[in-house]
Amino acid sequence: MPSSPKSPRRLLALALGLGLASAALGTAVPATAQTSTAPSATAGYARYAGSAENAAGNKAFFEAVLKSVAKKQAAHPNLQSVTVYYNASQAPSFRSQISSAASVWNSSVTNVKLQSTTGSADFAYYEGSDSRGSYASTNGHGSGYIFLDYAQNQQYDSIRVAAHETGHVLGLPDHYSGPCSELMSGGGPGPSCTNRYPNATERSRVNQLWANGLAKALKELKAAR
């Protein structure tokens, strides 16, 4: 880990999520949860919040979910809305928070909706203990998952944690230096920040990503056939 004047505890306080790092960092396995084990990641995690590896991991997660949704859209061209399905069965302690986070996003954006399922999903939630905190990751097989850490969710507003991590599903990067009014500022503003809603800029960005990004993914999918 690069030397830093910040302690691991302080680094944790600066971030609500650690993303997937580049493959060059090697393989890491998420912590074993008390109720489940998250899938093995295909690359290591970011060594500190805000790293380039962190940003690359979040981008990879969004692209994996986007491709998963595009395949379903291509198979059912008459679908009137874009829906991202999630499975929260492996995070039973956070079902309420996850549902609230989905409601936050569904009331905030128009070009994509989140919907719970107990079957095949575009991404899943897992829970457990990990000193790195909560994070979004990919499994290397075209889908992704969000890991929710017990300790971090006790220190920070748990719905904000879930909504922040879900923001990565929808394509938003971390911005820890932002104000509390910015959802993707994560833990940067400190535990006293309980804002659970994306600001106007974040809402607009998600709508743009799911209008333009999905169209591009569908075009690429069609060209590959």
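Predicted model: local features only at pLDDT ≥ 70, side-chain atom pairs only at ≥ 80, totals over all residues.

Student: How many helices and strands does the protein chain have?

Tutor: The secondary structure comes to six helices and five strands. Along the sequence they follow the pattern α-α-β-α-β-β-β-β-α-α-α.

Student: What share of contacts in the protein chain joins residues at least 24 apart?

Tutor: Taking contacts between residues at least 6 apart in sequence, 66% join residues at least 24 apart. As for burial, 52% of the 225 residues of the protein chain count as buried.

Student: How should I read a nonpolar core?

Tutor: In soluble globular proteins, nonpolar side chains tend to be buried together. In this model the largest nonpolar core has 39 residues, and Val84, Trp105, Phe123, Tyr125 and Trp210 touch the most other members.

Student: Which elements give two or more residues to this core?

Tutor: They are α2, β1 (83-90), α3 (95-106), β3 (123-128), β5 (144-149), α5 (158-169) and α6. The most comes from α2, which gives six residues.

Student: Which residues does phenylalanine 123 touch, not counting residues up to four places away in sequence?

Tutor: Phenylalanine 123 touches Phe61, Val65, Val84, Tyr85, Tyr86, Asn87, Leu114, Gly144, Tyr145, Ile146 and Val169. There is also a second, separate core of five residues, among them Ala124, Tyr135, Tyr145 and Phe147.

Student: Now a single helix. How should I read the residues along α5?

Tutor: The general idea is that an α-helix has 3.6 residues a turn, so residues three or four places apart point the same way. The case here is α5, which is mostly covered: twelve of its twelve residues are buried. Buried residues in α5 include Ser158, Arg160, His164, Glu165 and His168, along with Ile159, Val161 and Val169.

Student: How far does α5 reach from its first C-alpha to its last?

Tutor: The twelve residues of α5 reach 17 Å, close to the 16 Å expected at 1.5 Å a residue. Just after α5, glycine 171 takes a positive phi of about 110°.

Student: How do I find and read a pocket?

Tutor: Rolling a probe the size of a water molecule over the atoms shows where empty space is left. Here, about 370 Å³ of space lies in the largest pocket. Two elements give two or more residues to its lining, α2 (52-75) and α6 (200-224).

Student: Which residues lie nearest the centre of the largest pocket?

Tutor: Out of 16 lining residues, Lys59, Phe62, Glu63, Leu66 and Leu209 lie nearest the centre. The largest share of the lining, seven residues, comes from α2. By class, the lining has seven nonpolar, three polar and six charged residues.

Student: Let us turn to single residues. Is serine 120 buried or exposed?

Tutor: Serine 120 counts as exposed because its relative accessibility is 72%, and the cut-off for exposed is over 50%. Its place is in the loop between β2 (113-116) and β3. Although serine 120 and asparagine 87 are 33 residues apart in sequence, their C-alpha atoms are 7.6 Å apart in space.

Student: Why does alanine 136 count as buried?

Tutor: Alanine 136 is buried because its relative accessible area is 1%, where buried means under 20%. This residue is in strand β4 (residues 135-138). A distance of 10.0 Å separates the C-alpha atoms of alanine 136 and lysine 59, which are 77 residues apart along the chain.

Note on methods: Residues numbered from 1 in each chain as written. Heavy atoms only, no water. 1 Å grid on protein atoms, 1.4 Å probe; cavity = no way out; pocket = protein on both sides within 12 Å on 5 of 7 lines; lining within 4 Å. Points joined across faces, edges and corners; volume = space filled by probe spheres on them. Helix = DSSP H or I, 4+ residues; strand = E, 2+ residues; numbered from the N terminus. Nonpolar A, V, L, I, M, F, W, Y, C, P; charged D, E, K, R; others polar. Core = buried A, V, L, I, M, F, W, Y, C linked by side-chain atoms within 4.5 Å. Buried < 20%, exposed > 50% of the residue type's maximum accessible area, 1.4 Å probe, protein only. Contact = heavy atoms within 4.5 Å. Expected span 1.5 Å × (residues − 1).
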